[in-house]
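Please look through the sequence and the 3D structure below before reading on.

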Amino acid sequence: MRSVLARHLCFAVCSLFPCLGATALHGQQTTAAERVTANEAAAVFGTTSSMDVLDSTRRLGAGDRLSYRVVEERRQPVALTVADSGEVEVPLIGRVHASGRTCKELAQSIKPLLEREYFYHATVIVGLDAISAKSRGRVYISGQVRQQGPIEIPPDERFTLSKAILKAGGFADFANHRKIKLVRKTAGGTGQTTIVDLDAVTVRGELDKDPELQPDDTIIVPEKFVNF
């Protein structure tokens, strides 16, 4: 038996309070209501011990400030900041890529690194303390929209395809809403294309079909073959 059982566990708790409730948006001073929310989020962060409640929606970016702790260690959380390189410096294991990952994904990526060398079992908690005001990058939109060109990804919201269309002024008159191309770069440098039916989102309310955008995504809105 190892004397130290799972001292380092990777857990990210943010489901009830988005990534444990951001307390400082755009560098502005927090209000009393924001401080109350932050205190509630901190309480959740300090007591949780289940990876089932990890946030799996909001993606982290450079400048975000995080709290990190290992349940079994019974120690105070450690403050981490996502560097411009997109990495965080995690105790014992060093740099881990965080940008573009959710709290849950970051926790899951740290867990096996700890268990490989330091712990028999690991449960890690990662929470978002403050959202950076830095842009998450850009997406590019062309075709049948009112305003073509690059769009900045807001730092403080889940930015989806439908939101990008709205920021581009909406569809042009002859846009094909049901065959929008979403082109995303893969690790090999090639592009992976997904066809999105946005009517499923805006007309039928199927929100799970509204993909979250990532930096450098390209959106192409084609023209309908028959316009009437």
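Aspartate 216 sits in the loop between α4 and β10. Helices and strands here are DSSP runs, numbered from the N terminus, where a helix is H or I with at least four residues and a strand is E with at least two. The phi angle of aspartate 216 is near 75°, a positive value in a residue other than glycine. Most residues other than glycine have a negative phi, and most peptide bonds are trans. Aspartate 216 is partly exposed because its relative accessible area is 38%; buried means under 20%, exposed means over 50%, and partly exposed is in between, computed with a 1.4 Å probe on protein chains only.

This is a predicted model, in which local features need pLDDT of at least 70 and side-chain atom pairs count only at pLDDT 80 or more, while totals for chains, interfaces and linings use all residues. Residues are numbered from 1 along each chain as its sequence is written, and side-chain values use heavy atoms, with hydrogens and water left out.

Another residue with a positive phi is leucine 92, where the angle is near 80°. Leucine 92 is located in the loop between β3 and β4, the latter being residues 94-97. With a relative accessible area of 42%, leucine 92 is partly exposed.

Strand β3, residues 87-90, includes glutamate 87. Glutamate 87 has a relative accessible area of 25%, so it is partly exposed. Which residues does glutamate 87 contact, leaving aside its neighbours within four places in sequence? They are Thr81, Val82, Arg95, Val96, His97 and Ala98, where contact means heavy atoms within 4.5 Å. The side chain of glutamate 87 also makes a polar contact of 3.3 Å with the side chain of serine 85. A polar contact is a pair of N or O atoms within 3.5 Å; within protein, one must be able to donate a hydrogen and the other to accept it, and residues adjacent in sequence count only if both atoms are side-chain atoms. From C-alpha to C-alpha, glutamate 87 and glycine 61 are 9.2 Å apart in space, and they are 26 residues apart in sequence.

The next topic is charged pairs. Side chains of opposite charge can pair when their charged atoms come close. The structure holds 16 salt bridges, a salt bridge being a side-chain nitrogen of Lys or Arg within 4 Å of a carboxyl oxygen of Asp or Glu. One of them joins glutamate 212 and arginine 59, with the closest N and O atoms 3.8 Å apart. This pair links distant parts of the chain, 153 residues apart: glutamate 212 is in the loop between α4 and β10 (218-221), and arginine 59 is in the loop between α1 (32-47) and β1 (65-70). Glutamate 212 is buried, at 15% relative accessible area, whereas arginine 59 is partly exposed, at 24%.

Glutamate 73 and arginine 75 also meet through their side chains in a salt bridge, 3.9 Å from N to O. Is glutamate 73 buried or exposed? Its relative accessible area is 18%, so glutamate 73 is buried, while arginine 75 is exposed at 56%.

Within helix α2 (residues 103-117), lysine 111 and glutamate 115 are four residues apart, about one turn of the helix. Their side chains meet in a salt bridge of 2.9 Å, N to O. Lysine 111 is buried at 18% relative accessible area, and glutamate 115 is partly exposed at 25%. Salt bridges that share partners also join Arg178, Asp197, Arg204, Glu206 and Lys209 into one network.

Aspartate 197, one member of that network, is found in the loop between β9 (191-196) and α4 (199-202). Its relative accessibility is 19%, so aspartate 197 counts as buried. Not counting residues up to four places away in sequence, aspartate 197 touches His177, Arg178 and Arg204. The side chains of aspartate 197 and arginine 204 are joined by a polar contact of 3.3 Å. A polar atom of the aspartate 197 side chain also lies 3.1 Å from the backbone nitrogen of aspartate 199.
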